[in-house]
Amino acid sequence: MDRRSFLKASVAGLGLIAGLGGKARPADRTAGERNPEAELKLGSQEGRLPGGTLGEKVENLVKYGGIGLEIGSGGLPGRIPEIRAAIRGTGVKISAICAADGPYIIPDEAERGRKIAGAKALLSAAGELGATGVIMVPAFNGAGNQLTGLPARDLLLRVLAELGAHAVKVGGRMLIEPLNRDEAFFLRQLADAASICRDANSPGIAMMGDLYHMAIEETSDTGAFISAGGYLHHVHLASRTRILPGQDDRDFKDAFRGLKRIGYRDYCSLECGCRGDPAVEIPKSFRFLEKQWKEADDRA
Ligand code: MG
């Protein structure tokens with residue numbers, strides 16, 4: 001319905017609005033109420049942690065106060081026994097698998113099929129490992145012959161319908177990740193990702209936020225996380241210049257207010273560089289984040 005006919009039909013406006021915008025949002029936790037159950041669960045990508053083996057990296061993560069390990073997608077599902085052995089008895093859980101990246105919005109069906117098959121294999125691995133999900137960037141700048149605009153969005157939804165159904169079957173979950181304009185024009189803001197999750201309408205399709213990209217694209221970290229609401233199941237931690245939180249002027253309280261407001265209980269995971277010795281600097285960064293979490297007043 002265009003704007004003119006909508007105005008003409010304004011007598012029946014309320015009914016029309018209900019019909020157009022009444023899509024259920026089962027994952028909505030955005031009512032603006034303070035949720036006392038939000039929790040800061042810190043973790044890191046495996047590559048960020050010092051240690052010669054995965055076991056040593058997990059030991060260090062525990063020593064620093066982290067509980068979520070994000071693993072790379074290389075070598076999966078072959079690495080599942082190694083990963084299970086490394087976290088056994090430590091209390092550490094697998095936060096996410098990074099990543100089943102695109103491009104997915106490409107007209108070439110065979111190439112798209114290969115991407116989807118790869119993502120399904122990672123979803124199955126995520127299910128076996130009990131991971132929060134598999135990170136996915138639908139499209140990077142400059143990645144060949146990609147669609148744009150509405151055709152791209154429609155195709156992505158078709159891809160997500162297939163991945164969502166597989167995710168539900170194997171107990172995994174896709175986590176679509178907005179980037180910043182230097183890396184991807186297609187998906188840059190959390191509210192946009194949330195609307196794609198809403199339209200995908202599958203418990204197997206969710207999203208994440210990366211505080212480095214968010215510093216470039218979002219006007220409000222709190223607002224972005226509130227828009228993401230219950231669709232948000234992972235967060236990447238990095239400073240404004242993509243080093244450890246606390247190593248530059250990036251403040252995290254605005255973001256943490258948003259996470260508290262939506263009752264976020266999944267992991268916040270380091271994806272960043274490090275200035276100095278990680279064995280010294282990561283614990284300092286975790287203490288900085290814990291302090292910022294305490295200071296983030298979600299009633300403000
Ligand atoms: Mg990221």
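Me: In which helix does Ala 200 lie?

Reply: Ala 200 lies in helix 7. Helices (H or I, at least four residues) and strands (E, at least two) are DSSP runs, numbered from the N terminus. Residues are numbered from 1 along each chain as its sequence is written. This is a predicted model, in which local features need pLDDT of at least 70 and side-chain atom pairs count only at pLDDT 80 or more, while totals for chains, interfaces and linings use all residues.

Me: Is Ala 200 buried or exposed?

Reply: The test is a neighbour count: buried means 20 or more other C-beta atoms within 10 Å of the residue's own, exposed 12 or fewer, partly exposed in between, with C-beta atoms placed from the backbone. Ala 200 has 23 within 10 Å and is therefore buried.

Me: What is Ala 200 in contact with, beyond its neighbours within four places in sequence?

Reply: A contact is a pair of residues whose C-beta atoms, placed from the backbone, lie within 7 Å. On that basis Ala 200 touches Leu 157, Leu 160, Ala 161, Gly 164 and Ile 205. Leu 160 is 40 residues away in sequence, yet the C-alpha atoms of the pair are 6.5 Å apart.

Me: How do helix 7 and helix 9 cross?

Reply: Axes are lines fitted to C-alpha atoms, for helices over the stretch in contact, and angles run from 0 to 180 degrees between N-to-C directions. The axes of helix 7 (residues 190-200) and helix 9 (residues 221-228) come within 8 Å and cross at roughly 0°. The two helices are therefore roughly parallel (under 35 degrees; over 145 is roughly antiparallel, 65 to 115 roughly perpendicular, the rest oblique). Leu 190, Ala 191 and Ala 194 of helix 7 meet Ala 224, Phe 225, Ser 227 and Ala 228 of helix 9.

Me: How many residues of helix 9 are buried?

Reply: Helix 9 is mostly covered, with 7 of its 8 residues buried. Asp 221, Thr 222 and Phe 225 are among them. The buried residues pack against helix 7, strand 6 (205-210), helix 8 (211-217), strand 7 (232-237) and helix 10 (253-261). Just after helix 9, Gly 229 has a positive phi of about 50°.

Me: What does Leu 175 contact, leaving aside its neighbours within four places in sequence?

Reply: The contacts of Leu 175 include Ala 96, Val 134, Met 207 and His 233.

Me: What pLDDT does the chain average?

Reply: pLDDT is the predictor's confidence in each residue, from 0 to 100. The chain averages 91, and 88% of the residues score at least 70. Over residues 13-34 the pLDDT is below 50.

Note on methods:
Two residues are in contact if their C-beta atoms, placed from the backbone, lie within 7 Å.
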